[in-house]
Amino acid sequence: IFPTHNLLRVLRITPDQIHTIEGKESVSVYDKNLSYINLSDLLGIGNQVAETRKHIYILVVKVTDTIFAIGVDAIL
């Protein structure tokens, strides 16, 4: 469950859209590079879904003045 008041968008991307810039993972959303982290890594629980997925769902989130992307396993 994720609080929606910080949620700007939900998008579906492919794994090849995740890039490394200055040693950190990022995704390009509407011509802006956003920091990217998988929710399982953020929570420290390890990724339970196979890394061979064709698509990744991302939550584009704004907290104060910072916008970033969080990868999630599924949208229910």
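Q: Which residues make up the largest nonpolar core?
A: Ten residues in all: Ile 13, Ile 18, Val 27, Val 29, Leu 34, Tyr 36, Ile 56, Ile 58, Val 60 and Ala 69. A nonpolar core is a set of buried Ala, Val, Leu, Ile, Met, Phe, Trp, Tyr and Cys residues joined through side-chain atoms within 4.5 Å. Buried means under 20% relative accessible area, with a 1.4 Å probe and protein chains only.

Q: What kind of model is this?
A: This is a predicted model, where local features need pLDDT of at least 70, side-chain atom pairs count only at pLDDT 80 or more, and totals for chains, interfaces and linings use all residues. Residues are numbered from 1 along each chain as its sequence is written, and side-chain values use heavy atoms, leaving out hydrogens and water.

Q: How many bridges join β1 to β5?
A: Six, and the two run antiparallel. Strands pair if DSSP finds at least two bridges between them. Leu 11 stands opposite Ile 58 in β5.

Q: And what about β5 and β6?
A: Seven bridges join β5 to β6 (residues 66–72), again antiparallel. Ile 58 stands opposite Gly 71 in β6.

Q: New topic: is Asn 6 buried or exposed?
A: Buried, with a relative accessible area of 17%. Asn 6 sits in the segment before β1 (7–13).

Q: What does Asn 6 contact, beyond four places in sequence?
A: Val 60, Val 61, Lys 62 and Val 63. Contact means heavy atoms within 4.5 Å.

Terms used:
Helix = DSSP H or I, 4+ residues; strand = E, 2+ residues; numbered from the N terminus. Buried < 20%, exposed > 50% of the residue type's maximum accessible area, 1.4 Å probe, protein only.
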